[in-house]
Amino acid sequence: MASPSVATLSQTSELDGSRLSPHFTLGELCKTSARTPDGNIPSHVHIENLKRLCGWLEELRRRYNKRYNPLPTSPGGGDEEPIIINSGYRSEAVNKAIGGVKGSNHLTGCAVDIRVAGIEQLVRYATILLDISDESCEDFDELLLERSPRGTYWLHFAVRPSENRRKVRLIHT
């Protein structure tokens with residue numbers, strides 16, 4: 001595993017200010033409730049993986065807002081609905097602390113779990129991501145529509161640098 005990035009400092013506030021794309025910060029994609037000695041700091045390689053993933057997230061955000069939020073409420077426009085990340089990069093320590101799957105794409109910065117308002121938004125996000133893949137002829141690794149026993153839905157989406165499997169599943173945890 002690569003060592004932590006020299007350019008990326010261990011304080012969460014400093015991670016928050018580092019932009020991976022126009023709408024996503026490094027802090028947002030590294031946030032965790034698990035407190036571990038490693039501080040959940042990604043390496044340069046992890047950050048490049050997160051940037052690749054953010055390209056997909058930016059396009060998801062753009063298309064979702066164009067299709068389902070066409071009339072911004074402010075006079076100048078711009079009231080787009082954000083894509084909210086529940087979980088992105090996870091260090092080995094964080095993944096273990098939260099009971100994550102061994103070998104998870106989160107460990108390499110190749111996966112995010114996206115918060116959704118319900119099953120309708122879950123299906124819309126998944127459809128848009130499939131459309132992006134088909135139209136760009138670029139594959140993703142995982143598109144998992146997940147539901148917890150409490151009835152909470154989220155979308156797990158992963159893109160690797162290579163050898164993407166285009167794995168699509170509906171999962172009840």
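This is a predicted model: local features need pLDDT of at least 70, side-chain atom pairs count only at pLDDT 80 or more; totals for chains, interfaces and linings use all residues.
On the side of H3, the contact is made by Trp-56, Glu-59, Leu-60, Arg-63, Tyr-64, Arg-67 and Tyr-68, and on the side of H5 by Gln-121, Arg-124, Tyr-125, Ile-128, Leu-129, Asp-131, Ile-132, Ser-133 and Glu-135.

Followed from the N terminus, the elements of the chain come in the order α-β-β-α-α-β-α-β-α-β-β-β. The protein chain has 173 residues, of which 43% are buried. Among the contacts between residues at least 6 apart in sequence, 66% join residues that are at least 24 apart.

In soluble globular proteins, nonpolar side chains tend to be buried together. Here the largest nonpolar core has 31 residues, and those with the most contacts inside this core are Ile-114, Leu-155 and Phe-157. Helices H2 (26-30), H3 and H5, together with strands E4 (111-115), E5 (142-147) and E6 (153-158), are the elements that each give two or more residues to this core. The largest share, eight residues, comes from H3.

Apart from residues up to four places away in sequence, Leu-155 touches Val-112, Asp-113, Ile-114, Leu-122, Tyr-125, Ala-126, Leu-129, Leu-143, Leu-144 and Leu-145. Tyr-125 and Leu-129 in this list are also among the residues with which H5 meets H3.

One of the partners of Leu-155, namely Leu-145, is found in strand E5. With a relative accessibility of 13%, Leu-145 counts as buried, and, when residues up to four places away in sequence are not counted, Leu-145 touches Leu-122, Ala-126, Trp-154, Leu-155, Arg-169, Leu-170 and Ile-171. Between Leu-145 and Ile-119, which are 26 residues apart in sequence, the C-alpha to C-alpha distance is 9.0 Å.

Strand E5 also holds Glu-146. Leaving aside neighbours within four places in sequence, Glu-146 is in contact with Leu-122, Thr-152, Tyr-153, Trp-154, His-156, Ile-171 and Thr-173. The C-alpha atoms of Glu-146 and His-172 are separated by 5.8 Å, although these residues stand 26 residues apart along the chain.

The loops, too, include a buried residue: Ser-104, in the loop between helix H4 (92-97) and E4, has a relative accessible area of 11% and is therefore buried. Not counting residues up to four places away in sequence, Ser-104 touches Arg-90 and Asn-95. Ser-104 and Arg-90 are 14 residues apart in sequence, and their C-alpha atoms are 8.9 Å apart in space.

Cys-137 is not a glycine, yet Cys-137 has a positive phi of about 60°, and its place is in the loop between H5 and E5. At 72% relative accessibility, Cys-137 counts as exposed. Glu-163, in the loop between E6 and strand E7 (167-172), is likewise a residue other than glycine with a positive phi, here near 55°. The relative accessibility of Glu-163 is 67%, so Glu-163 counts as exposed.

Technical notes
Residues are numbered from 1 along each chain as its sequence is written. Side-chain values use heavy atoms; hydrogens and water are left out. Contact means heavy atoms within 4.5 Å. Helices (H or I, at least four residues) and strands (E, at least two) are DSSP runs, numbered from the N terminus. A nonpolar core is a set of buried Ala, Val, Leu, Ile, Met, Phe, Trp, Tyr and Cys residues joined through side-chain atoms within 4.5 Å. Buried means under 20% relative accessible area, exposed over 50%, partly exposed in between (1.4 Å probe, protein chains only).
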